[in-house]
Amino acid sequence: MAEGHGAAGHPGESAGVRAYFYSTKEKVSSDWKDLAFHLGLEQPDIDNIEGRNRDDKSRCMDLLEEWLKHNGERATIEVLMEALSEANLQSVVDGLRRKLQELSSPVPVGAAGTESSSLTGVFQKSVKKYYELKLSHFKPLIWNDNFTLTLSDIFTQLELVPTSEKQFKTSEPTKEEQRKELKSLDDLFKPDVTGLSIAPRCILIEGEAGGGKTTFLSKEALDAVSQKTELGKRHSTVLFIRLREVNEWETIEQMVWDQCVPKRKDVTIESIETILEQNESHVLFLLDGYDELRPEARAAGQAIPKLLSGKLYPNSTIVITSRPSARVQQHTRPDCHVHIMGFSEVHVEKYMQQYFAVVKKQELAEKLAEHVEDNELLNSLIQTPIFLMLVCLLWEEDQEMVFRTMTGLYDNLLTCLVRKYCEREGVDMPTKGLPTEVAESLLQFGKLALEALLRNETLLDLTEVEKEKINWEFLLKLGVVSLEVSSSKLHPRKQLNFSHKTMQEFLAGRYVAHALVNQDIVELLQLTSITKVFELSNLLQFTCGCDSRAAQAVMEELSKSSRREFTHLRPEHFEREDVPKDQDMQKSCKTYKRFAALCLNILSERQEPEVLQDISQALPIVILDSSINSREATGLKYHIQNLHSANLPDRLILKVPTGTDSRDTVQYLQQCFTTSLPGLKLDLGLSGQFDSPDETARLVSVLKNVPGLRALDLSLTHLTASSLQPLVQGFSHMSLLEELDLSSNLYLGDAGMEVLQVGLSSVPHLAVLRLQAVSMTAVGMSSLAPYLHHLLGLRILDISNNTKIGDTGLESLTTIIPIFTAMQVLVLCNIDISPTGMRTLVPALCQLTRLIKLDISYNAIGDPGLECLAAILHHLTAMKVLLLKHTCISDRGISSLIKALPHLVQLQVLNVSDNYIGDSGIVSLVQTLFQPSSLEMAQNLPSDKSLTTAPHCNTTLQELNIEWNRRVTGAGLGRVAQLISALPALTRLNMSGPWDTPAHLSDTAAMALAEALPRLPALERLDLWDISMEPAGFQAVVQAAEEHPSLEWLYYSRWLVPEGADTTASCLRLG
């Protein structure tokens, strides 16, 4: 093993040895582990390097950097060449010797080698010093030059929550998984947190206006160049780029030279390009404010879109911030999608203490905290960092000031600034309103602010301002803008900068509220689409907050938008789906939720009957899916408190996020439902701990005012048999209840079922009952079953994951099942059913002719059980979802299912994974799925042979899962690959091999799969775990997946990736 030999005489050794890293990693590549061993790295270090890099070249470069870091001066070129020789990499050694000879001669500036390495070091040090100078200190109050803060003074770690399904290991995240708090971005490099097997390339951080995105990214940049974070340890080159400074046709290298380093002769645009290319896998781009990037710089072919899509520097890492409305995803598929939630209660308190410590008025922090505690509207505002800073500022100025809305906060700030200006200039300040000259100047400037917003610009060129003959010097003295020379060295210009984008939106909103007296809102704001509405959401809220008539004008237009965009939506579209939902419908529902949030925010700004009336027209379905401390929740509370029989929505959907204290939840509900609201259809989902009878009794007392309660979700709320008692007793006040979910309350047990059964007669309209994982046994099932006869309209019954129900408990259920003629969904997953139990169940299933979903997964029914089921499937022709995962079935059982499949003409989802099916069974199954059904064949005349001779496609099946069948081989999966294009409606396909003995897919089969992918236009996810391929086949499949317009996830086993294969595709997920 190579050891350090101390100083040596060759040029480029010691720190200069880095000059040889680029050529070394290019040639060593997949042999990097051998080199690591001979350089003395331990196995844990090697494992870490492998896990945190995407490809072998990156791993090799990481290895060399680690070796240099740990050995310092002992890391010489001689040691490196000796280790390469011991690793049988003599050709690499020969190349390094030639490079050494070249470096023995004088090297011109710009050449590779020592000069390049030296320049990289100079560049990185320049970046670090530049950031420490530019980012460490800032002036948050542009009207106060003496008020300077360091980032560490006021920065408090924000709550970051993943919002993408990519962070979930399963396709159906649990209630707790839906919101996952991250302590820092370091968590995104932990597979157990993200569900990703490799380090993310692109991290998208979204947050609303004033949420602290720029502050957060500035802190990340400082910490990264100081190597305090995982991002910093993984990346030696950290580049913080403000996207609002980027112009059309600027290259990445120009942006870096322009914004990331001070001007110096030895750092040129050309040298930056060399540095980035040679260190690509260790380059971190921190891109701030995609929503502020000029439209022309977002266009196809521009540098930022090419960087995001991987066409430029594909092995670099990107962290990009944006408001949600900016649609970053049109250029990239983020590996991690994170949302800045704002401040928690603890963060708010800490921030206040830090702020008032800086201004040396610590005693005000406690007084403000007390004031906040009693002010609900203020509570919702201060979760946003910029608003909290302004509250602290205004509280410092005047402890009697009242804060009610976001607009009111900025109004108070403006009044405060004008008062200070009048005092300085000796101008009389009127008791109400603003001085005439001030008001006129602000309106003029608001017009410019609006025009810039509509151009998606936040900086105003001073020459353009002067053309409008606006007294900008007055605005400087006032403090609403600052004058600065652009930080851009490429485009130096004097410009006016707002203290924050929300200040620009506020001033623009004041102007719009004034202008709407004479102008049409659509013409003024160019509200041509719902997308434009979202882009201007803050502006619309400020406009509404400024003036009642303006609020009515805005809401009238939003009502028109609602009628144009959402007339096809019905309340049931927002209910939990047990069958796949149409993609367009999913998008419409998501868009509507955002629209509802905007409307509720407007209502929180302008709580007036006229606005409420327009809100009622715009929102036939009212939805709250955010914190009960949010501004939306404030608006909803006003909405509910003013409901009456004439303005009831079609449905009110209120879902309290996980982590909310049950006492806070009940208190919020008490404040909302102060009087009885008969006729209101409410879907209520709660969180917190309802393990106390007193707490559930308080809840019931509130729900008495909502006799039309339609759905109640108390899953994962720690219910016990005793705390369930008051709820069940309250069923008499909930006689119209249609849905009840008590799932994942493990302490209910059989005693809880005995409590529940007593109240079922009080809720005869109950159509959905979910009792998943409630620790029910055969005793509890036998006790509960007879009482289910009260629920004649039962459509959905879920008793899954109660592993002790068994055949005995199932037998009790089967005696009552035939009466449920409306039954559509029956979930019996993992309740210990045997073949004997299936023989008991099947006769009862015959009666359920409307059944669309049957889940018998994780029950050892075996082939005999499946044969029993298959024999009666011709009675269940409405079936859309059939789940038979881990049911111990083999080819024998599958053959019986194949005979019955032609009757299931509406089948959308089929899962037969984790069984003992072989090649013959799997291939026959897939062939049967796209054959004409027996019913279709019967409807055609005998002379019409077209259906039997022409290829047939199944346009119904959307999800097929055949993974982990222990007897399937590569040959069988290869045949499936050839057949699969006859299922063009597939959105998800899992054809993974056996987990214990991976299947090998030949090049021919892999090519067939690659060719099939374009013929599966709706495919979103493809799982190929535990399948090996040759390099050519693997690359063909990956390339086809990457080029596919809708395929987001291609899952593959890391250890089966062919040696040297390119794994940088954005859709590829290795594990």
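Tutor: A residue is called buried here when its relative accessible area is under 20%, exposed when that area is over 50%, and partly exposed in between. The model is a predicted one, and with that in mind we can turn to helix 35, which spans residues 749–759 and is mostly covered, 8 of its 11 residues being buried. The buried residues of helix 35 are Gly749, Asp750, Gly752, Met753, Val755, Leu756, Gln757 and Gly759. As a general point, an α-helix has 3.6 residues a turn, so residues three or four places apart point the same way. As for what covers helix 35, its buried residues pack against helix 34 (721–729), strand 16 (739–741) and helix 36 (778–784).

Pro707 lies in the loop that runs between helix 33 (693–703) and strand 15 (709–713). Its relative accessible area is 26%, and therefore Pro707 is classed as partly exposed. Leaving aside residues up to four places away in sequence, Pro707 touches Ser676, Leu677, Pro678, His733 and Leu736. The C-alpha atom of Pro707 is also separated by 7.5 Å from that of Gly679, although the two residues are 28 apart along the chain.

Trp964, in the loop between strand 23 (959–961) and helix 44 (970–979), has a positive phi of about 55° although it is not a glycine. Asp1026, in the loop between strand 26 (1021–1024) and strand 27 (1027–1029), likewise has a positive phi of about 55° without being a glycine. Their cover can be read from the accessibilities: Trp964 is partly exposed because its relative accessible area is 25%, whereas Asp1026 counts as buried because its relative accessibility is 9%.

Finally, on the surface, Glu345, Glu349, Glu366, Glu370, Glu373 and Asp664 gather in a patch of negative charge. The elements that give two or more residues to this patch are helix 16 (345–358) and helix 17 (363–373), and the largest share, 3 residues, comes from helix 17. Glu370 is found in helix 17, and because its relative accessibility is 46%, Glu370 counts as partly exposed.

Definitions and conventions
Residues numbered from 1 in each chain as written. Predicted model: local features only at pLDDT ≥ 70, side-chain atom pairs only at ≥ 80, totals over all residues. Heavy atoms only, no water. Patch = residues over 30% accessible without salt bridge, like charges linked within 9 Å, V, L, I, M, F, W, Y side chains within 5 Å. Areas by Shrake-Rupley, 256 points an atom, 1.4 Å probe, with all protein chains shown as cover. Salt bridge = Lys/Arg side-chain N within 4 Å of Asp/Glu carboxyl O. Lys, Arg positive; Asp, Glu negative; His and termini not counted. Charge placed at Lys NZ, Arg CZ, Asp CG, Glu CD. Helix = DSSP H or I, 4+ residues; strand = E, 2+ residues; numbered from the N terminus. Buried < 20%, exposed > 50% of the residue type's maximum accessible area, 1.4 Å probe, protein only. Contact = heavy atoms within 4.5 Å.
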